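User: Please take a close look at one part of this model, the aromatic residues and their surroundings. Keep it brisk.

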Amino acid sequence: MSQLLTARQAEELHKSIIAYLTSVNLTESSAALRAELGDSVSIDDATLKKYEGLLEKKWTSVVRLQKKIMDLESRCAALQSELDSATPTSLLRKNQDPTSWLPRAPPRHVLESHRDPVTCVAFHPVFSSLASGSDDTTIKIWDWELGELERTVKGHTKAVLDVDYGGPRGGTLLASCSSDLTIKLWDPSDNYKNIRTLPGHDHSVSSVRFIPSGAAGSPMSGNLLVSASRDRTLRIWDVTTGYCVKTLSGHVDWVRAVAPSIDGRFLFAAGDDRIPRLWDLSSAETKSTFLGHEHHIECVAIAPAASYPHLAILSGLKRPPAASSSAEFFASGSRDKTVRLWDSRGNLIKTLVGHDNWIRGLAFHPGGKYLLSVSDDKTIRCWDLTQECKCVRIISEVHGHFVTCLRWAPPLIKDAGANGESGTNGAPAAAAATNGVRPDPNSANKISISTVGLQTTMETHQKMSAYEDEEANLPKSFNRNEI
């Protein structure tokens with residue numbers, strides 16, 4: 001067998017072994033080894049003293065180094081895994097297309113501070129801020145990447161029912177609406193100071209959304225805000241003046257949800273009359289009505305252009321509508337436990353069945369391939385539009401109580417101005433680049449889910465949704481179907 005040790009190393013090893021055997025009183029073994037080695041090793045009492053503990057030290061050092069190496073290898077593997085899940089190049093390596101990303105358990109963060117159920121959430125279009133509204137009358141601002149509470153905003157006197165970020169270019173605002181019949185505007189650049197209160201509705205205001213202007217270079221900015229109310233109307237507000245510039249009447253019961261088109265030309269709204277309506281904002285007239293739901297409608301969504309090729313096939317079209325067309329397909333979720341997909345003419349193209357309770361929130365995936373829904377059955381469901389809306393993922397028991405809303409985080413804009421001036425106010429990448437601002441290349445991965453139940457917590461996956469337990473806060477004589 002070939003020698004791994006040099007002559008000097010071998011001599012030191014032999015001396016160490018003899019010294020060790022002598023120190024532990026194995027004199028016969030020591031003498032036998034010395035006799036066998038003969039003159040190749042000369043050792044006296046001084047040498048024995050010198051090498052007495054060397055073998056033990058070497059042995060314990062090897063064991064300690066082996067453990068350290070194993071710890072470093074484990075740490076290295078963990079860091080590599082974290083890197084693989086965080087960089088665009090790793091996504092390509094692992095063949096994970098961000099446009100096909102879906103949320104999964106467990107949540108990234110659990111956000112706790114509200115004293116009553118959380119009713120709504122909204123993402124800042126530029127920074128990693130998240131606003132949540134609650135029945136405790138407050139709005140809380142979180143850093144959703146760090147999972148930390150930044151501030152509590154007070155001003156409403158009853159439950160906050162909806163929140164949304166938007167507004168003029170370079171001047172992002174937060175809008176909130178409440179059961180106290182008011183809409184409030186808050187300035188994030190001035191510590192969320194209440195800059196305006198918009199009275200006018202005659203009953204609870206259930207939904208607010210900023211209306212994009214569709215203007216070149218800044219399509220998501222705009223001065224208009226739409227609100228939906230239990231007084232059966234939609235109102236359009238100019239946030240720069242605080243005036244109501246238009247009232248849309250046509251719904252015959254509580255209007256619970258409204259969604260503007262990406263170019264600001266159309267509004268899709270629905271509520272307790274079970275008939276969603278597509279409104280033409282320029283004429284203030286109903287363009288289409290959508291018949292089919294059998295119970296109150298809780299949520300609506302307008303499909304992005306990326307979904308047109310898949311939805312066109314479902315609707316029987318030979319070719320998809322032009323991507324420049326802003327309001328071609330829609331989704332609505334109802335207390336009848338179904339999600340329904342519609343075309344712009346009011347035709348029902350698909351009914352999605354699977355939830356076991358009220359549908360509370362809908363969001364089309366930015367990649368266009370999926371529709372996500374949340375429900376009082378405590379699940380998130382992902383429907384694949386390319387497989388005739390097959391449910392391809394169910395996240396069960398994500399909370400102990402009802403889920404009340406679902407929101408996607410927009411692309412994070414790097415190097416934005418102090419007031420959130422990004423040129424796009426959360427617009428797509430192409431528009432952002434023209435202003436020298438680069439959107440997060442991994443933005444399709446950046447979603448969060450905030451949820452809440454009796455424990456009044458929110459959970460952030462890499463998507464945002466909220467759960468609540470309305471029954472826990474209702475009088476015993478109150479019928480849940482009357483909410």
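Analyst: Phe290 and Trp342 are both buried (under 20% relative accessible area, with exposed over 50% and partly exposed in between; 1.4 Å probe, protein chains only). For Phe290 the relative accessible area is 0%. The two rings form an edge-to-face aromatic pair, 5.5 Å centre to centre with 75 degrees between the planes. Rings of Phe, Tyr and Trp (its six-membered ring) pair if their centres lie within 6.5 Å; planes under 30 degrees apart are stacked, over 60 edge-to-face, the rest tilted. Phe290 sits in the loop between E17 and E18, and Trp342 in strand E20 (residues 338–343), so this pair ties together parts 52 residues apart in sequence. Strands (E, at least two residues) and helices (H or I, at least four) are DSSP runs, numbered from the N terminus.

This is a predicted model: local features need pLDDT of at least 70, side-chain atom pairs count only at pLDDT 80 or more, and totals for chains, interfaces and linings use all residues. Residues are numbered from 1 along each chain as its sequence is written, and side-chain values use heavy atoms, leaving out hydrogens and water.

The structure holds six aromatic pairs. Among them, Phe290 and Phe330 are edge-to-face, at 5.6 Å centre to centre and 65 degrees between the planes. Phe330 lies in strand E19 (residues 329–334), so its pair with Phe290 ties together parts 40 residues apart in sequence. Phe330 is buried, at 1% relative accessibility. Phe268, Phe290, Phe330 and Trp342 form one aromatic cluster.

Residues 324–343 are 60% strand and 0% helix. The end C-alpha atoms of this span lie 16 Å apart.
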